[in-house]
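Thank you for making time for this. I would like to walk you through one protein model, beginning with a single residue and widening the view from there.

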Amino acid sequence: MEKLNTILRIGNNGNVDNFSSGGMYTFVNDLGTVYVPAIDEKGNIYYKHPSSGCDIVGFKVPRYNELENFISTLSKVVPSIRYVGWDVVLNDKGEFIVIEGNQYPGAVSYTHLTLPTNSLV
């Protein structure tokens, strides 16, 4: 398995975390730590979550190494599908739950824009 990106999607006062529905996204490094602020569809940049006030940069994804192993196992279930973006959550029981696998996840197209100084939140 070759990993292209790890993207953390974050809800923003909505029922879903989808980018097109008001959610945000950011990037996670190989140690499971968010290393850049989040961005929403309007181009607003978030260093802290607007509802909780929690820091976004520096957030550590719980059980990140286990998550990577879980994704590696998933990638072998249907080996003929060679490019998949997995949507996975960690539930309140500590279980990884697969929401879906996307054959065209767009992970390569996610890029952080130059941070405009007038839209920092």
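This is a predicted model: local features need pLDDT of at least 70, side-chain atom pairs count only at pLDDT 80 or more; totals for chains, interfaces and linings use all residues.

**A histidine under cover**

His49 counts as buried, because its relative accessibility is 15%, where buried means under 20% relative accessible area, exposed over 50%, and partly exposed in between, with a 1.4 Å probe and protein chains only. Residues are numbered from 1 along each chain as its sequence is written, and side-chain values use heavy atoms, with hydrogens and water left out.

As for its place in the chain, His49 sits in the loop between strand 4 and helix 1 (64-75); helices (H or I, at least four residues) and strands (E, at least two) are DSSP runs, numbered from the N terminus. What does His49 touch, if we leave aside residues up to four places away in sequence? The list is Ile10, Gly11, Asn12, Met24, Cys54 and Ile56, a contact being heavy atoms within 4.5 Å. Ile10 is 39 residues from His49 along the chain, yet their C-alpha atoms are separated by 8.7 Å. With Gly11 there is also a polar pairing, in which a polar atom of the His49 side chain lies 2.7 Å from the backbone oxygen of Gly11.

Let me now turn to the overall layout. The protein has one helix and six strands, and along the sequence they follow the pattern β-β-β-β-α-β-β. Four of the strands form an open sheet in the order 1-2-3-4, with antiparallel pairing, where two strands pair if DSSP finds at least two bridges between them. At the edges of this sheet are strand 1 (7-10) and strand 4 (45-46), each of which pairs on one side only.

Strand 2 (residues 24-27) runs antiparallel to strand 1 and is joined to it by four bridges; Leu8 has Thr26 as its bridge partner, and Ile7 has Phe27. Towards strand 3, the pairing is again antiparallel, over two bridges, and Tyr25 is partnered there with Ile39. In a regular strand the side chains alternate between the two faces of the sheet. In strand 2, Met24 and Thr26 point one way and Tyr25 and Phe27 the other, and all are buried.

Which residues have the most contacts inside the largest nonpolar core? They are Ala38, Ile56 and Leu67, in a core of 13 residues, a nonpolar core being a set of buried Ala, Val, Leu, Ile, Met, Phe, Trp, Tyr and Cys residues joined through side-chain atoms within 4.5 Å. Helix 1 supplies the largest share of this core, namely four residues. There is also a second, separate core of five residues, which includes Tyr25, Phe27, Val36 and Ile45.

Thr33 counts as buried because its relative accessibility is 13%, and, not counting residues up to four places away in sequence, Thr33 touches Phe27, Val28, Gly58, Phe59 and Lys60.

To finish with the whole chain, buried residues make up 27% of the 121 residues. Among contacts with a separation of 6 or more, 42% are between residues 24 or more positions apart.

Key:
A polar contact is a pair of N or O atoms within 3.5 Å; within protein, one must be able to donate a hydrogen and the other to accept it, and residues adjacent in sequence count only if both atoms are side-chain atoms.
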